[in-house]
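Trainee: I would like a close look at one part of this model, taken slowly and with the terms spelled out.

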Amino acid sequence: MFLRILDRLEEILITGLMLGATALIFVAVIHRYAAGVPVLYPYAIMLDLGWAQELCILMFVWMAKFGAAYGVRTGVHVGVDVALVRLNKESAGKIILFGLLCGAFFTATIAAFGARFVWKLAGTDQVSPDLEWPMWFIYLAIPLGSSLMCFRFLQVAWAFYRTGELPHHDEAKVEGVVIPDIPVEVPAASAAPAR
């Protein structure tokens, strides 16, 4: 139950950030063009969107950190398996498990250093240039995203240890879309006219 809630929250956060950043960029571009039209300039100048670029960058950073964890969970990260396919199943399994545990160790290290950095930054009065948000809040994406990614590496490693299966992403499948099996008739090859 906990994992389903965490999965759903992860997906909602990533989708919300992506949707919000896209909408904000769209509005900012329309605003910029409207400000260039003499008739619309007096109206466009009333709306200050100087903060939009900074917010979009922050949203994409947060989305990337949590999207990386999502990628580990669903198996969409690129992997190089040229050497692994040449090994026997047992040796390949050990190397895969070692790689997953290295990923967990690396992301745990980044999360620990990130948490230490955020803790020290919280004691300062530093704020972002345009939004004037506390910098510790902005950098909180590092320990939170890295911790979630570490958890996902451990989750995948445990599942691989138990079942020998890695998460696999099917590029042709779109979640929520069901394509019915429709029989396709292949026309018979017509004979080419003889000369």
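Leaving aside its neighbours within four places in sequence, with which residues is E10 in contact?

Mentor: This is a predicted model, in which local features need pLDDT of at least 70 and side-chain atom pairs count only at pLDDT 80 or more, while totals for chains, interfaces and linings use all residues. Residues are numbered from 1 along each chain as its sequence is written, and side-chain values use heavy atoms, with hydrogens and water left out.

E10 belongs to helix α1, residues 2–35, a helix being a DSSP run of H or I with at least four residues, numbered from the N terminus. Beyond neighbours within four places in sequence, E10 is in contact (heavy atoms within 4.5 Å) with F66, A69, Y70, R73, L148 and R152. Its relative accessibility is 3%, so E10 counts as buried, that is, under 20% relative accessible area with a 1.4 Å probe and protein chains only.

Helix α3 (residues 52–74) packs against helix α6 (residues 141–163) at an angle of about 5 degrees, their axes being 8 Å apart; the two are therefore roughly parallel, a label for angles under 35 degrees. On the α3 side the contact is made by W62, K65, F66, A68, A69, V72 and R73, while the residues of α6 include L148 and R152.

T74, also found in helix α3, has 16% relative accessibility and therefore counts as buried. A polar atom of the T74 side chain lies 2.9 Å from the backbone oxygen of Y70, and, neighbours within four places in sequence aside, T74 is in contact with P167, H168 and H169. After α3 comes G75, with a positive phi near 80 degrees.

Conventions:
Axes are lines fitted to C-alpha atoms, for helices over the stretch in contact, and angles run from 0 to 180 degrees between N-to-C directions. Angles under 35 degrees count as roughly parallel, over 145 as roughly antiparallel, 65 to 115 as roughly perpendicular and the rest as oblique. Buried means under 20% relative accessible area, exposed over 50%, partly exposed in between (1.4 Å probe, protein chains only). A polar contact is a pair of N or O atoms within 3.5 Å; within protein, one must be able to donate a hydrogen and the other to accept it, and residues adjacent in sequence count only if both atoms are side-chain atoms.
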